Amino acid sequence: MSHLSQASLQKRNSILVISDIHYQLSNIKRLHKRYSSGFDYIFCLGDIGNLKGDQFNSNEEIEKAKNKIKEILNELEGLVVRKMIVLLGNHDHFSMLDEPDRWNTDKTVLLHGALTAQEIDSRTLFPTPLFVHGGSPPGYFLADHDKPRIKGYPFETRQEFNNELDMCMKGLDFANSVSRRKQTIWLTHCGPTESESSVTLIANEGAVESGSERYQYWLRKWQDAECEVLAWIHGHCHDGAGTNFTCEGVPVYNGAAFINGNYITMNLVEESQEKQGDSGEECVRWKLENVQLCNLQQE
C-alpha cells in the first residue's frame, strides 16, 4: 500500500505546467504575484537551462548552468504546495541525473525514464501514475526526413533515442504498474510526430518536426494493455504551444515556451470511485479539466 491512504487524496488538484524556461527567472517572479496561493503540483518539463554547442563540453559552463537551474527550481518551489516533478530537456546537462541530492527536496523530484508506482508514489505524491522521460532526438525537416535541422540531446540520432526509450519501457512493466487504476499521465520533453504541437517553422528554411514516432509506438502498446493515458504533456517546440492536439486519441498539451510567457494550468479532479475485484477495495478514477494555455504578456 501507499504511504498515503485513499482517504488522504484531494478531490481536486491544481496543476501548473511549465516548460522551456531557459533561465527566465523574472517570469517566475511574475507567476508568484499572479498565483499567490500556488499550485498543488508543478510539472516542469525541461529546458530549464540554455546550454548550447560547445558549452556542453565545458565543465565551467555546465556548473554555471546548474547553479542557475538550482536558483530557478528554488523559486518555483515557492509556488508548489505538494510536489514539483522535473524532467530534463535538450538544453539541460544530463549529468544532473547523477546528483539527486542536489536537486531532490521535500517538494522537488527530478526523474527520467521512470514510471511512478500504482499508488501514490513516495517521490511524487501524485494521485495517478506518471510516465516521465526527458531529452529529445534530432529534429528533421518535414519535407526531407533524412535532413536533420535541430540537434538532439543527449541523443545524437533518432536510433539512439529509440533504443534508450525501448530500454526504459521494457524495464517499467507498465501494464502491471497501473493495473489498479488503469490511468496514467505522460510527461515528456519532446512530443509526438504527426502533431502540430511538435512542428517548428524556421524562417526561409521550412517546417521542422521535433517529436518522436517511437513514443507513439509505445503509446499504442499501453493502450493495447488497456492503460488509459489521460493526457500526454510535453514542451520543447516553442511554436507548437497549445491544448487542442491529440495523438492516438489521447489529448496532447504543449506547455512551451515559458521564456515567451506561455504556461498551462489544469485541474485533476476525482471523477468516480469504483470497487476493485473480490476485495471490494475502492479505487478513485480521475479526469483532467479546465485545461488552459495562458500567457503572462496577454493577461
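A cavity is a set of points, on a 1 Å grid over the protein atoms alone, where a 1.4 Å probe fits but cannot get out, and its lining residues have an atom within 4 Å of a point. The model examined is predicted, so local features need pLDDT of at least 70 and side-chain atom pairs count only at pLDDT 80 or more, whereas totals for chains, interfaces and linings use all residues. Residues are numbered from 1 along each chain as its sequence is written, and side-chain values use heavy atoms, with hydrogens and water left out.

One cavity of 30 Å³ or more was found. The largest cavity holds about 30 Å³ of space, a volume being the space filled by probe spheres set on grid points joined across faces, edges and corners. Its lining consists of Leu51, Ile62, Ala65, Lys66, Ile69, His91, Asp92, His93 and Met96.

Buried residues (under 20% relative accessible area, 1.4 Å probe, protein chains only) in α2 are Ile62, Ala65, Lys66, Ile69, Ile72, Leu73, Leu76 and Glu77. These buried residues fall within an arc of 135° seen down the helix axis, so they line one face of α2; the arc is that of the directions from the axis to the C-beta atoms.

Notes. Buried means under 20% relative accessible area, exposed over 50%, partly exposed in between (1.4 Å probe, protein chains only). Helices (H or I, at least four residues) and strands (E, at least two) are DSSP runs, numbered from the N terminus. On a 1 Å grid over the protein atoms alone, a cavity is a set of points where a 1.4 Å probe fits but cannot get out, and a pocket is an open set with protein on both sides within 12 Å along at least five of seven lines; lining residues have an atom within 4 Å of a point.
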